[in-house]
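Here is a short tour for anyone who likes to look at a structure with the model open on the screen.

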Amino acid sequence: MAEWLRQAWTVARKDLVLEFRTRTALLSAVVFTALVLTIFNFGRDPTAVSALDLAPSILWVTFAFAAMLGLNRAFQLELENHALEGLLVSPLPRVSLYWGKLLANLVFVAVVEAVGLPLFVLFFDVPMGRALAPLVGVLALASVGFVTVGTLFSAMAIRTRFAELMLPVLLLPFFVPPLVLAVLATAKLLAARPLSESFGYLKLLAAYDILFLTVASLLFRHTVDE
Amino acid sequence: MNLAATGRRITLVGLALLAAVYVRALAFTPVERFQGPAQKIFYLHVPAAWSAMLAMALVGLCSVLYLIVKDLRFDRFAAASAEVGTVFSLVMLTTGPIWAKPIWGTWWTWDARLTLTLFLFFLFVGYLLLRGAVVDPGMRARYAAVLGICGLVLLPFIHLSVYLFRTLHPQPIVLKPSSPSLPGSMLVTLLVSFAVFTLLYAGFVMQRYALARERGADAAMGGRGA
């Protein structure tokens, strides 16, 4: 494994060990997801709108908000006792720091989604069928899209005033392309359409991921270095 | 300062020319056959959109330049451009619905281009909010530049994804203004209006830039950041 990637994994493991020892943020995010899914159920008239029509939007709006919660946490952790400065004076490439945070955030989001998806299927009586495997692919691509820009922005947002509010205001416009594409692909998959019909959306999602991974990797050092 | 005075003069000339454009648009340009007088707002709406897009492109360009050479003048220009862009996108977002109501029969529709301009506005506002939430000038410049670059990369993706979304939910009956083949006299009015709005953009930005420079000098030390 390349050196910088190994170092990134060290950062990610540090974050994840911290997270799994306390579990506060993770459990809160899981409970939050379950609550949002519950509340959505009461946000529609079941006699007028069938659950399946709304299901893709509900799933993705919920996951987008859950991802946002996780992102606030990533650098908040490093503010205590000036831990971020410790990381910055260590001989750690900035790219590795960014990718480490990115990986930890991805695991965090993946855990939340792993709990959220079965609940979603249960609550909205979604006929999953053979859609599960491709849907996991959509989940992966869209989550990378959320977390890529989110990790970059959360490094900035924590050092601004009103950090908790600043991150969503900056980030939500950037959630639009992955959200729209994921909703479109999910709708096709749940309607049991052939996979080829959602292939175009997946390609666009992948393009978004790759482009913003590159841009964020290049820009990250400007958010932490003086 | 000299620059502020020049900017003011250019703005005044621009405003006078804007009045002239409307004299030409109302009295010397033929009335559009299908839309009637409602189409006259075209000469305000489209050039405003042009100025807003120009503003965003220059914000992105100055952001890249700032991160390369770390010269605060680029940061000031980007900030000035974003503020002026906010105003122009607001002009576009208010004239749009006024035009849409009589022609499309609705104030608002989630048309791809409309949604794009809405997000352009949100990006400008987020950019200005971020600037307001960071105290240190060097940090503010770096953060704003990161957001400016990401914003510019985002816009094509938003356009594309919203366009795909719309094709899934076709609009009822959208009477599209026939833009491709514009009669000569209308085209001349439009082009003159484009020039006037570019002039107004320059005038506004010059005034705003001069103000930022004075503020920077006022805040002492902040002359050369990062």
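## Chain B at a glance

Please keep in mind that this is a predicted model. Chain B has six helices and zero strands, and its elements run α-α-α-α-α-α from the N terminus on. Of its 226 residues, 37% count as buried. Among the contacts in chain B with a separation of 6 or more, 82% are between residues 24 or more positions apart.

## Where chains A and B meet

On one side, 23 residues of chain A are in contact with 28 residues of chain B. Helix 6 (132-157), helix 7 (163-190) and helix 8 (199-224) of chain A each supply at least two residues of the side that touches chain B. Which helix of chain A gives the most to this side? Helix 7 does, with 10 residues. By class, the side of chain A that touches chain B holds 18 nonpolar, three polar and two charged residues.

## Helix 3 against helix 5 in chain A

The axes of helix 3 and helix 5 (residues 94-124) of chain A come within 9 Å and cross at roughly 150°. Angles over 145 degrees count as roughly antiparallel, and therefore these two helices of chain A are roughly antiparallel to each other. Their crossing is right-handed.

Residues of helix 3 in this contact include A:Ile58, A:Leu59, A:Phe63 and A:Ala66, while helix 5 brings residues including A:Phe108, A:Val109, A:Val112 and A:Phe120. The residues of the contact divide into 15 nonpolar, four polar and two charged.

## Helix 3 against helix 6 in chain A

Helix 3 (residues 51-79) of chain A also packs with helix 6 of chain A, at an angle of about 35° and with the axes 9 Å apart. This crossing, too, is right-handed. The contact has eight nonpolar, five polar and no charged residues.

Key. Residues numbered from 1 in each chain as written. Chains lettered and ligands numbered in written order. Predicted model: local features only at pLDDT ≥ 70, side-chain atom pairs only at ≥ 80, totals over all residues. Contact = placed C-beta atoms within 7 Å. Helix = DSSP H or I, 4+ residues; strand = E, 2+ residues; numbered from the N terminus. Nonpolar A, V, L, I, M, F, W, Y, C, P; charged D, E, K, R; others polar. Axes fitted to C-alpha atoms, helices over the stretch in contact; angles between N-to-C directions. Left-handed = near helix turned anticlockwise from the far one by under 90°. Parallel < 35°, antiparallel > 145°, perpendicular 65-115°, else oblique. Buried ≥ 20, exposed ≤ 12 C-beta atoms within 10 Å, placed from the backbone.
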